[in-house]
Amino acid sequence: MIISDIRTRQFEGVTELAARIVSDTAPGQSFDAWFRFSIPLPELQIVGDPFLAAFLLGCMYDGEDLHVNSPVSAKMLEAMDEQQSTFASWYPDCMKKIAITSTETHGQLRSSRTSRTGCFFSGGVDSWYSFLKNQDEVTDLIIINGFDIRAGNDTVWDRTRNAVETAAVEYDKQMIAVNSNIYTLTEKACPVWGRRFSGNFYASVSHGSALASVALGLQSVLDKVLIPSSFITAELRPWGSNPHIDILWASEDLTIIHDGCESTRLEKTRRVAASDLALCTLRVCSNNGRGDYNCCTCEKCVRTMLTLRLFGTLHRSKSFDRPLNLRYVMCMNQPSSESLSLHRDILEAARTSGDIEVMYAEQVMLGDKRSVYRVMRRAGRSVYRFCRRMIHKRIRIAVGGMAVRVWEALNKRQD
Ligand SMILES: [Zn+2]
């Protein structure tokens, strides 16, 4: 891969940083990768750091060497050997070390420090926790359109942006809104180039590097950026963002910190629930493609609602606009390995607080207790899905047969 033609421009109050990408796996084609920042970046320099972070892991997956046709941070470049070794050891079957080259390296770009610290802020529990914990130090809240909020999901983006803007005003911080097409170019479920990845490449491999690429785009104004953690220290695993790898994306001007590993999800939610503003703007949904801020039915929504109920604050949370249905919880699929311990924590907290209804719903969902209701509902759901599939199949056969007959009749008439 060659990353070249790195350039900046200002338009309509936006600062754009862009580059041309040519991949060995898409011969004859080139693509523009870009970041658009909502603030002026007068000292933004033409360096390759953000694009190296954005595309390195995809290149490792596709097995192509990477050349940056611009200066790259000497500190970052040196750390990429360890970075690559970590990912190659985590995913030995599909990722291998590649050669990275650049026209030259650069050292410190700024003559002085700015004393500004940014915090990635999606409005979820992890980001609210990291922000509240470090609120004296954090000066900027960074929100991104195009990563977990997919490009084009304007309903959720507008509402999230308004919520973060409110938080920024309330706490006297600056909001930096970023638009980027990095996710679109690097996701591997339906890749623009290269191989397909069976699984969630963004979550498992690349979301930390994508966040780091945005942070590096802001290194002319920020000294430090916090990436809120997903897991506690005891449960760290191969994952796109991790304290051991996030720190390696740093440059001479920018420190990147993975923040919040010391607290469980329950402890984070307890801290967040103490803020009325956080309660009213909390956004945790992983199922927002239909435009819901929080759908109130996906695993993340339900898990957060259960926790807030245990803390007695669910009724005050305006961001969940549908009631918690414990019968629905009983019939949910058993949680994935990533969220199993989180549900065990909720069960334990329900036991401690004496909330028998939540305790029972969790026990049934986790398979600790049997429930006729769960068996009947899940059997009914299976029958419903089977019938719907058969009806669709019948309709497809009938429509197909009709189309063939019409086609044959038309052909006969022409004869
Ligand atoms: Zn949801």
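The structure is a predicted model, in which local features need pLDDT of at least 70 and side-chain atom pairs count only at pLDDT 80 or more, while totals for chains, interfaces and linings use all residues. Residues are numbered from 1 along each chain as its sequence is written.

**Overall make-up**

The protein holds 14 helices and 10 strands, where helices (H or I, at least four residues) and strands (E, at least two) are DSSP runs numbered from the N terminus. Its C-alpha trace spans about 80 × 70 × 45 Å along the principal axes. Of the 415 residues, 40% are buried; a residue counts as buried if 20 or more other C-beta atoms lie within 10 Å of its own, as exposed if 12 or fewer do, and as partly exposed in between, with C-beta atoms placed from the backbone. Among contacts between residues at least 6 apart in sequence, 70% join residues at least 24 apart, a contact being a pair of residues whose C-beta atoms, placed from the backbone, lie within 7 Å.

**The sheet**

Ten strands form an open sheet with mixed pairing, in the order E5-E4-E1-E2-E3-E8-E7-E6-E9-E10; two strands pair if DSSP finds at least two bridges between them. Strand E5 (100-106) and strand E10 (255-259) stand at the edges with a single partner strand each, so one side of each has no neighbour in the sheet. From one strand to the next the twist averages 25°, with axes taken as lines fitted to C-alpha atoms, for helices over the stretch in contact, and angles running from 0 to 180 degrees between N-to-C directions. Helix H3 (residues 125-133) packs on this sheet, where it touches E6, E7, strand E9 (224-228) and E10, and its direction makes about 140° with that of E9.

| Strands | Bridges | Facing residues |
|---|---|---|
| E6 and E7 | 3 bridges | Phe120 and Ile142 |
| E6 and E9 | 3 bridges | Cys119 and Leu226 |
| E9 and E10 | 5 bridges | Ile227 and His258 |

Strand E9 is largely enclosed by the rest of the structure, because 5 of its 5 residues are buried. Lys224, Leu226 and Pro228 point one way from E9, whereas Val225 and Ile227 point the other way. In a regular strand the side chains alternate between the two faces of the sheet.

**Two domains**

The domain assignment gives domain 1 (2-259) and domain 2 (284-366), with bounds that come from an automatic or database assignment. Their C-alpha centres lie 31 Å apart, and the contact between them takes 8 residues from domain 1 and 7 residues from domain 2. On the side of domain 1 that touches domain 2, helix H4 (residues 154-170) gives the most, with 3 residues.

**Helix H10**

Helix H10 (residues 299-310) has 12 residues that should span 16 Å at 1.5 Å a residue, and its end C-alpha atoms are 17 Å apart, which agrees; the expected span is 1.5 Å times one less than the number of residues. Because 10 of its 12 residues are buried, H10 is largely enclosed by the rest of the structure, and the buried ones include Cys301, Arg303, Met305 and Arg309. The buried residues of H10 pack against H3, helix H8 (265-273), helix H11 (326-330), helix H12 (337-353) and helix H13 (356-366). After H10 comes Gly312, whose phi is positive, near 70°.

How values were computed: Two residues are in contact if their C-beta atoms, placed from the backbone, lie within 7 Å.
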